[in-house]
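Here is a friendly walk through a structure that may be new to you. Keep the sequence and the 3D view open, and follow along as the text moves from strands to helices.

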Amino acid sequence: MSPAVFHFLWEVNFGAVKEGDSVRTFGRLVSYQPEESKATLSIQHAARQHQVVVQTTFVEPFDPIIGAQYIVLGEIEKAEGGDGVMVHARVLNCVDGVNLALLQRGVNEQRSYFRERGESKGDAATAAQQRAPL
Amino acid sequence: MQPEATEPEEDSVWEEPPSMLWGLDPMFNAFNRLYVKDILHMRESCQVSGIYFYNSHPIFKVDVLGTVVYKREREDFFCYGVDDGTGVINSLCWKDEQWREQGDPATRKCRYSHYSCVSTLFVFTVGCVLSSVWARAFGSSACEDFNPASELKKLRQAQHSSSHLEIGELLRVRGPVKTSRQQREIMASTYYKVSDPVMAVQISWMMEVPQLYRQCYDKPFHLDSSAQNIQGGSASYLLGRATRILKDFLKEKEVTRFRPYDVQDLLQPLVSRQPQKTASEQEPEAGPSSGPPTSFKQLRELLQKSLQILQDEGLVFRKVKCQDEVYHVTERDKDLLMAVRDILREDCRREKYAEKGCHILHILSSVRQRYSRNVSKAALVLVLKALECNSDIISTSDSHYTIL
């Protein structure tokens, strides 16, 4: 089983994670269509809204709190319609109240350590990060 | 930064510190907060199985915080797959028997332990004491609110919810690492569900672990010179390895006789690695006065000590003690075997030894008279064992032998 590495929503949209790989990401729940088992997470970054569609078949039923922060762990798949990617969730937890800035700092702290260590695994994330500087 | 020895080429360069010195590394006794990726790639020790090396540190126990991504439940344990973002590892979590419900199949099988009874009684007694104190403080009506049985039930439920996790929940697990069926897993000594609604615990873990790596885990394990020179420590370890190397060589090559310089080179890698080639190539037999290099002297000493150990164990002996140091490998010395067999054949014909056979000390003195004065008792024991395995002789008692 591949580990679910932390990525930010904008990185997921920029294709930082290969199709089929596991990913862990977070965002605000903006919409949920139970009949299609699809939820949309959104996050604001560098004056832009980034969104990603989450397939929720494996995690239903869940209590959707629109506007709350959620963390999702799942596999990257091609989005229906062929445009972009979506996350097929295996875990979808509400983390409303999370300190987003601190969470970002935590993720970056871990990444900068792996960069120091010269890990090639960190390179995909850092390349995406450089495209959208924090 | 010293790289982890994950590549086969790197393995050959780095040598494990002797196991006797591992206790000097604080990481050996701590629950190390390594990333799962590093736990999965750690190199297992070739001295002691169950101990692993990360960046020259001996690792025994780890501490992991991660999301449960798969779960297998059996009657006695859970097997949780824990994902910390760098890797996924199996975690074997034994169920705690004493917290099982009365109606559980396990307790129906009367597996109620003595400890469980004692602990329940203890909780009940404490409950009664507390309720009487409570009554005195707040009036008698308060006594009815405290019910030890229901409190015990709540405690049991809390324990149950702490150890039963579903996929997506956060698990903290601490324990030794084991390799089972070529898979690394953690044998949990402690595990519990972490309630982390706003990710505070995970965020602080993400901030702390890189610091731990920079300050402790990635700094190589340095043995200061006093530890290196401990006589009890690295010296006996070296000697043990040297003896093993010689034994393996004599066995593999089916050596019957050898001289010290025939096996000297085998021990070269154990001695300090400073290149002293010129001196040793030119004059291998140089005496102490000509000042041989330190590593050559160490080599000779190590060789002498190892050969002495082999002699004490009876594996080798010197038939004739003279300038020419020739060692005979006991079990392959056909003349010695024949001599012992002949002694037994002749002496067992005599009435004195016919019934009970010959005592080992009698055989020893005969061998020393006829064959060589330098055969030790240990060597003779090995010869007698070899002959008995061959069905040439048989032991009639603990220390008596007769011919077949």
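Strand 2 (residues 22-33) of chain A and strand 5 of chain A run antiparallel and are joined by seven bridges. One place to look at is R24(A), which stands opposite L73(A) in strand 5 of chain A. This is a predicted model, so please read everything below as a description of that prediction.

Strand 5 of chain A spans residues 69-78 and is mostly covered, with eight of its 10 residues buried. Strand 5 of chain A also pairs with strand 6 of chain A, again in the antiparallel sense, over nine bridges. Across this pairing, V72(A) has L92(A) of strand 6 of chain A opposite it. Strand 5 of chain A and strand 6 of chain A form a hairpin with six residues between the strands. In that hairpin, G81(A) takes a positive phi near 95°.

Now pick out one residue, H88(A), which lies in strand 6 (residues 85-94) of chain A. Is H88(A) buried or exposed? With a relative accessible area of 15%, H88(A) is buried, because a residue counts as buried under 20%. Leaving aside residues up to four places away in sequence, H88(A) touches Q55(A), T57(A), F58(A), L73(A), G74(A), E75(A) and E77(A). Among these contacts is L73(A), the residue that R24(A) stands opposite. H88(A) and K78(A) are 10 residues apart along the chain, and their C-alpha atoms are separated by 9.8 Å.

Stepping back, chain A has three helices and six strands. Read from the N terminus on, its elements follow the pattern β-α-β-β-β-β-β-α-α.

Chain B has 17 helices and 16 strands. One part of chain B to find is an open sheet of three strands in the order 2-3-4, with antiparallel pairing. Which strands are at the edges of this sheet? They are strand 2 (43-44) and strand 4 (57-59) of chain B, each of which pairs on one side only. Strand 3 (residues 52-54) of chain B is joined to strand 4 of chain B by three bridges, and the two run antiparallel. In this pairing, Y52(B) has I59(B) in strand 4 of chain B as its bridge partner.

Further along chain B, the helices take over the story. Two packed helices are described by the angle between their axes and the distance between the axes. Helix 16 (residues 360-370) of chain B and helix 17 (residues 377-389) of chain B have axes that come within 10 Å and cross at roughly 105°. Helix 16 of chain B and helix 17 of chain B are therefore roughly perpendicular to each other. The helix 16 side of this contact consists of I360(B), L361(B), I363(B), L364(B), V367(B) and R368(B), which meet K377(B), L380(B), V381(B) and L384(B) in helix 17 of chain B. By class, the residues of this contact divide into eight nonpolar, no polar and two charged.

Which residues of helix 16 of chain B are buried? They are I360(B), H362(B), I363(B), L364(B), S366(B) and V367(B). The buried residues of helix 16 of chain B pack against helix 14 (334-347), helix 15 (351-354), strand 14 (358-359), helix 17 and strand 16 (400-403) of chain B.

Helix 14 of chain B also meets helix 17 of chain B: their axes come within 10 Å and cross at roughly 75°. That makes helix 14 of chain B roughly perpendicular to helix 17 of chain B. Here L336(B), L337(B), V340(B), R341(B) and L344(B) in helix 14 of chain B meet L380(B), V383(B), L384(B) and L387(B) in helix 17 of chain B. This contact has eight nonpolar, no polar and one charged residues. To close, look for L380(B) and L384(B) in helix 17 of chain B: they take part in the contact with helix 16 of chain B and in the contact with helix 14 of chain B.

Notes
Residues are numbered from 1 along each chain as its sequence is written. Chains are lettered from A and ligands numbered from 1 in the order in which they are written. This is a predicted model: local features need pLDDT of at least 70, side-chain atom pairs count only at pLDDT 80 or more; totals for chains, interfaces and linings use all residues. Side-chain values use heavy atoms; hydrogens and water are left out. Axes are lines fitted to C-alpha atoms, for helices over the stretch in contact, and angles run from 0 to 180 degrees between N-to-C directions. Helices (H or I, at least four residues) and strands (E, at least two) are DSSP runs, numbered from the N terminus. Angles under 35 degrees count as roughly parallel, over 145 as roughly antiparallel, 65 to 115 as roughly perpendicular and the rest as oblique. Contact means heavy atoms within 4.5 Å. Ala, Val, Leu, Ile, Met, Phe, Trp, Tyr, Cys and Pro count as nonpolar, Asp, Glu, Lys and Arg as charged, and the others, Gly among them, as polar. Two strands pair if DSSP finds at least two bridges between them. Buried means under 20% relative accessible area, exposed over 50%, partly exposed in between (1.4 Å probe, protein chains only).
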